[in-house]
Amino acid sequence: MRIRSFALTLALAFAGSACVTPQPDQDGPPPVRETVASTGPIDLTQIGNSQSCEGEVVERGGQTLMALEGGSLITMAPMAINVDGSGKAYHPDNAAGGAILHLCNAGQVYLPDGTRYHGSTSNSVCTGKFMDDVKRIGDAGWTDGDVGAVRWYGIVGRGSARVSGQTVPRAIPVLQSDGSGFYVSPTTLENGAFEESDQRRYVDALTVPHAVVRRDSGVNLGTFGVAIRLKGCGTGRKCDPVPFIVADIGPKIGEGSVALSRAVNGLPATTDIDRSNRFQGVVGGDDVLWIFFGGDKAPPPYSAASVAVRGKAAFEAWGGTDRLVRCQRQTIPVANAN
């Protein structure tokens, strides 16, 4: 197991909210080895007033984290980018329609001969076979089992289809109700005040710093944390602690929204994101410190302003800068050490 220790060399004044492709299957990762016995999620509901940074190294979903006194989790990991929740994520015409991502990152095709494949298998499949099959399936109304079906996981889908004896859920992709022509890109955390076809129901990746966790990580949706780039911030940049909300389920800890990744890297906030700059903010090494505070799930709204305010309050309740400094003096496990 690799464990890395860092001394904090950047100013710790707390700052307010100042192929990138989703993983093929976000319905739930396959079962993985657990080295810490558990009958359910780690209890992160009791933050308490502890200032300690001592804890137990645990493995959750194949990743290594430290469970601190008081219930929070801490680890070092990369920063991959998640665009889910953005109203500009997917369009039927892909780049020509202004989409940040290609549709092949959003679905799995099921064919009548029993074969199935993810659109992101390769570039040639993505722009060739996948789009050809999607057109045929869409022209047939999306649910004709004799033609095939698509299981959409990066796009909100309705209904189901029966293909080669298998039920394919979420087979009809949903367009945004505002008439923009884009598909609805969801996050697992939702605001039920809006309909599923209203993009405002989901946590916007371009404006709201939010993080992705595994279902079996022991971190609850709607709770808060802080991410800090400790190494390689960049010349002329200031990489301060950035509060985030846990808004989506994915394959591993170490993935954040466009807004989070830009802020963690000291880049200016912007919604002017397209295919040319969508990768800005990616951190390939284990250079980002992730702290998950725990606590109760926050109610909506999940706007940039509310996350900044409530995230800062959660940081102070966790112990603030003083506790952060103590944690920097400890050995911090690397999430993907195995």
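Visitor: Is Arg-201 buried or exposed?
Guide: Arg-201 is buried, at 18% relative accessible area. Buried means under 20%, exposed over 50%, and partly exposed in between (1.4 Å probe, protein chains only). This is a predicted model: local features need pLDDT of at least 70, side-chain atom pairs count only at pLDDT 80 or more, and totals for chains, interfaces and linings use all residues. Residues are numbered from 1 along each chain as its sequence is written, and side-chain values use heavy atoms, with hydrogens and water left out.

Visitor: Which side chain meets Arg-201 in a salt bridge?
Guide: That of Glu-190, at 3.0 Å, N to O. A salt bridge puts a side-chain nitrogen of Lys or Arg within 4 Å of a carboxyl oxygen of Asp or Glu. Glu-190 is partly exposed, at 32%.

Visitor: How many salt bridges does the structure hold?
Guide: Seven. One of them pairs Glu-196 with Arg-158, with the closest N and O atoms 2.4 Å apart. Another joins Arg-200 and Asp-198 at 2.8 Å. Arg-200 is exposed at 57%, while Asp-198 is buried at 14%.

Visitor: New topic. What does the side chain of Arg-214 reach at 2.8 Å?
Guide: The backbone oxygen of Pro-251. Arg-214 also has a side-chain polar contact of 2.8 Å with Asp-216. A polar contact is a pair of N or O atoms within 3.5 Å; within protein, one must be able to donate a hydrogen and the other to accept it, and residues adjacent in sequence count only if both atoms are side-chain atoms. Arg-214 is buried, at 6%.
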